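Visitor: I am new to this structure and would like a close look at a single part of it. Please take the salt bridges and go through them one at a time.

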Amino acid sequence: MDKVIEKLGTFGIVPVVTADDEKKAGKLGQALCDGGLACAEITLRCDGALEVIREMSAACPDMLIGAGTVLKIDQVQAAVEAGARFIVSPGLNPKVVRYCVEQHIPVIPGTATPSEMELAMELGLDVVKFFPAQPMGGLAFIKAVAAPYTNLKFMPTGGLNPENVTDYLKYDRILACGGSWIAPKKLIDAGDFDRIRALAKEADTLVRSIRDTKED
């Protein structure tokens, strides 16, 4: 497993962030770090997303920042140039995955079926995103398909929240969970970084309570 992706696993929850104001990127990154989640997936859904990645990377150089909603190779190139250290996509585009693998860029493509999971493994990956997690059957589906794919780990995203994420985190085949509730756009736009810090702290405390207990 790539060291960057392995590091994501230590956080357990990866904030999925949609933001377009680079002037707030530094404070957002610091709030997440202060809360214990020094990582984020910045989705490329907004025109200003690349500048958010750039500014957050500059302000928080030790933070593990990735780009999400990546659909094309040129988006991979632009995101990495801006400072992204890993790539996440909603689906599995073989061209994008092959490019990332060839360029040694950590990539977690979206999958929703066993066939897509097998394709990801054929392309050399051992971690996939499961998206959209809840609508596609949630943890029950992951457990059902995980059995034949013994070396595959999952990053479920889509429909996860503080009420259902605990069960995911307890399953040892879950690398990390994508969480959009930690830094929602309405809080970012309002500049409520204290609330974001608190939500990150709550998420980190939850992860530690589950995974530290399992290790003991």
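Guide: Start with R208 and D204, whose side chains form a salt bridge with the closest N and O atoms 3.1 Å apart. Both residues belong to helix 10, where they sit four residues apart, about one turn of the helix. The model is a predicted one. R208 is partly exposed, at a relative accessible area of 27%. D204 has a relative accessible area of 11%, which is under the 20% cut-off and therefore counts as buried.

Helix 10, which covers residues 193–215, also holds R197 and D194, three residues apart, about one turn of the helix. These two side chains meet in a salt bridge of 2.7 Å, N to O. R197 is partly exposed at 27% relative accessibility, while D194 is exposed, with a relative accessible area of 58%.

R54 forms a salt bridge with E81, and their closest N and O atoms are 3.1 Å apart. R54 counts as partly exposed, with 28% relative accessibility, and E81 as exposed, with 54%.

Salt bridges can also link up: D20, K185 and D189 are connected in a network of them. Across the whole structure, a search finds nine salt bridges.

Key:
Residues numbered from 1 in each chain as written. Predicted model: local features only at pLDDT ≥ 70, side-chain atom pairs only at ≥ 80, totals over all residues. Heavy atoms only, no water. Salt bridge = Lys/Arg side-chain N within 4 Å of Asp/Glu carboxyl O. Buried < 20%, exposed > 50% of the residue type's maximum accessible area, 1.4 Å probe, protein only. Helix = DSSP H or I, 4+ residues; strand = E, 2+ residues; numbered from the N terminus.
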